[in-house]
Amino acid sequence: MQEVFYEETAMVQSSAPAKTKYYTVKTFSVISYTIAVFWLILSIMFFPLQGNVLVNILFAAIPFVLFLLSGILLGKMKDTLYVDYDYTFVSGSIRFSRVIKNVKRKGILKFDTTNIEKVGIYGSDTFDRYMLMPEKKKMILTSNKTPEDGKNFYYIVANVGGIKYLFVLECTETFISYVIRYSNRTVIEDGFFNKK
């Protein structure tokens, strides 16, 4: 079989609200860090040497730690608010990545089509049965509630590193056809071609 490279991106459909949320949370994260630094500086400059030293240290440290932790948590939260997902197919190998604010790309998982257990339409009876399985790990790889024109929601169940993953994708029929072509035909859910 010839070498095949195919890539798609599930982009955030309503990017303006996502961008607003991203920058709002980023602003609060920066404010938290700034307050933590100012609190630390003020605590060092005006640290009372008399009285109970342990109470004074706690009084200085607890607000600093709280503002620092809130800055870290808000920083992590902002990276979930404006996310596109890349799906890359290279001759039997599938790679999923997150793209944060069209700038920072992070790999999620890479596996071969030989690891695939099932492929089908999101919301089908087979999908619902996989959802009820307690040992699976579900990963929704789209930020959208409805698919973009020309795309649909599909699912892929794959066993990777001893973990059963249930991936939900927003992609075209072309991407899924490459996955199916390089997989065992038994991975296709019953009635798949009738549901499309």
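In which helix is Ala 36 found? Ala 36 is found in helix 1, where helices (H or I, at least four residues) and strands (E, at least two) are DSSP runs numbered from the N terminus. The structure is a predicted model, in which local features need pLDDT of at least 70, side-chain atom pairs count only at pLDDT 80 or more, and totals for chains, interfaces and linings use all residues. Residues are numbered from 1 along each chain as its sequence is written, and side-chain values use heavy atoms, with hydrogens and water left out.

The secondary structure of the protein chain consists of five helices and eight strands. Along the sequence, these elements follow the pattern β-α-α-β-β-β-β-α-β-β-β-α-α. The radius of gyration of the protein chain is 23 Å, well over the 16 Å given by the globule rule for 196 residues, so the chain is more spread out than a compact globule. Here the radius of gyration is taken over C-alpha atoms, and the globule rule is 2.2 Å times the number of residues to the power 0.38. Along the principal axes, the C-alpha atoms fill a box of roughly 80 × 35 × 30 Å.

Of the 196 residues in the protein chain, 41% are buried; buried means under 20% relative accessible area, exposed over 50%, and partly exposed in between (1.4 Å probe, protein chains only). The accessible surface of the chain comes to about 11500 Å², and 62% of that surface belongs to carbon and sulfur atoms. Accessible areas come from the Shrake-Rupley method with a 1.4 Å probe; for residues, only the protein chains shown count as cover. Among the contacts (heavy atoms within 4.5 Å) with a separation of 6 or more, 66% are accounted for by residues 24 or more positions apart.

Helix 2 comprises 26 residues (residues 53-78) and should span 38 Å at 1.5 Å a residue, which agrees with the 38 Å between its end C-alpha atoms. The expected span of a helix is 1.5 Å times one less than its number of residues. Buried residues in helix 2 are Asn 56, Ala 60, Pro 63, Gly 71, Leu 74, Gly 75 and Lys 78, and the buried residues of this helix pack against helix 1 (15-45). Not counting residues up to four places away in sequence, Ala 36 touches Phe 64, Phe 67 and Leu 68. Ala 36 and Ser 70, which are 34 residues apart in sequence, have C-alpha atoms 9.6 Å apart in space.

Glu 117 is found in strand 5 (residues 116-121) and is partly exposed, with a relative accessible area of 26%. With residues up to four places away in sequence left out, Glu 117 touches Tyr 130, Val 157, Ala 158, Asn 159, Lys 164 and Val 187. Glu 117 and Lys 106 are 11 residues apart in sequence, and the distance from C-alpha to C-alpha is 25 Å.

Two loop residues were examined for backbone geometry. Most residues other than glycine have a negative phi. Ser 91, although not a glycine, has a positive phi of about 35°. Ser 91 lies in the loop between strand 2 (83-90) and strand 3 (93-100) and counts as partly exposed at 26% relative accessibility. Lys 101, likewise not a glycine, has a positive phi of about 50° and is found in the loop between strand 3 and strand 4 (104-112).
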